[in-house]
Amino acid sequence: MAKKKNKENENLSKWASKKEVVHTSFPIYLALGLIKYSPRFFLNFIIKCSSFFFYLFNKTSRNESIRYQEQLKQHNPDCIKRISAYKQIEAFAITFVEKLECWVKKSIPFKIDYSKAKDIDELISYVNGGKGAVLLCSHLGNSEIFRNLANKNKINLSKEVPVSVLMDLGTTSNFTNTMKKVNPKFADNIVDVNNINPGTIEKLMTTIEEGGLVICAADRVSKYNDNITVDGSFLGKTAPFPYGVYLITMLLRAPVYYIYGLRKKDNGFDRKYDFLVTKSSVNTDCKRSERETNIRQMCLEYIQELEKNCMEHPYQWYNFFDFWAKSEKA
């Protein structure tokens, strides 16, 4: 049994320690140059070409896209018409470019529809009242939108609010270092999830006390904490989720909102987004004896939101590795 458990942890460690899809700085600099100097039609043409190249030569991402889509179709046959790794890879390329646009352009270059953001008015009112909140995002869609909306004050905030972002800098080092050079503000208030300590928690608490926002993706396990997870059924199969993220939300004792920036059409170059905001029903200001129960409850609630949005936008999922490796090896 111990050998089996060690094997599970080894596989999970390999899964969690995989680098982001972009391994070098060159594609980022190239994309930034194209964004700055190219007409939009030419940039779209380049995205098409690079997507096809990536599809042909990145076997791992191609295979994992198919694995995810097959699992999705098995869970809900109606949500995806055709298995297509290329569509998912192209959607990723488009989103990658649009994330960069968020940082190099003065205004958000998309049309954003807030009609599905059912709790956004409450969130804005809460923050305008001087209270902080935790925002849990994912690798589905483009979560950079909200950070930029907040930084550029495009969501009717009455004042500038501090924003702390928890990121796994171990797996995004090339992207992060390049963006620091391009836009120094990119790294402002970024907290490395691999180096969480009491001082870090205190810093995040200060952000909350100052009426700020703490933003973190809650769907990817860190390689440094891959043996501490919350397991839940995601698309019909058990998958690990990062325990530490949910523990931090409990320690901060602030309201939690699930946020998504989802392109209305998964494929193509229609620059229209749905912005989603849903408040968590889980009480974070709880007794210590209730903490573990509430952590699991929040994770399961998060998974339900993630599942629903994956089924509506199947090609906008950008975790290019075996998300269910742990259950497959059990």
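Rings of Phe, Tyr and Trp count as a pair if their centres lie within 6.5 Å. Keep that handy for this predicted model.

Q: Which residues do ring pairs link into a cluster?
A: Tyr68, Phe234, Phe241, Tyr246, Tyr258, Tyr302, Trp317, Phe323 and Trp324. The structure holds 18 aromatic pairs.

Q: What makes Phe234 and Phe323 an edge-to-face pair?
A: Their planes are 65 degrees apart, and over 60 counts as edge-to-face. The centres sit 5.4 Å apart, within the 6.5 Å limit. Phe234 is in strand S6, while Phe323 is in the loop between helix H11 and helix H12, 89 residues apart.

Q: Why is the pair of Phe234 and Trp324 called stacked?
A: Here the planes are 10 degrees apart, and under 30 is the cut-off for stacked. The centre-to-centre distance is 5.8 Å. Trp324 lies in the loop between H11 and H12 and Phe234 in strand S6, so this pair ties together parts 90 residues apart in sequence.

Q: How do you know whether Phe234 is buried or exposed?
A: Buried means under 20% relative accessible area, and Phe234 has 0%, so buried it is. Phe323, at 1%, counts as buried, and Trp324 is buried with 1%.

Q: What makes Arg62 count as lying over the face of Tyr55?
A: Arg62 is 5.7 Å from the ring centre, within the 6 Å cut-off.

How values were computed. Residues are numbered from 1 along each chain as its sequence is written. This is a predicted model: local features need pLDDT of at least 70, side-chain atom pairs count only at pLDDT 80 or more; totals for chains, interfaces and linings use all residues. Side-chain values use heavy atoms; hydrogens and water are left out. Rings of Phe, Tyr and Trp (its six-membered ring) pair if their centres lie within 6.5 Å; planes under 30 degrees apart count as stacked, over 60 as edge-to-face and the rest as tilted. Helices (H or I, at least four residues) and strands (E, at least two) are DSSP runs, numbered from the N terminus. Buried means under 20% relative accessible area, exposed over 50%, partly exposed in between (1.4 Å probe, protein chains only). A charge sits over a ring if NZ of Lys or CZ of Arg is within 6 Å of the ring centre and within 35 degrees of the ring normal.
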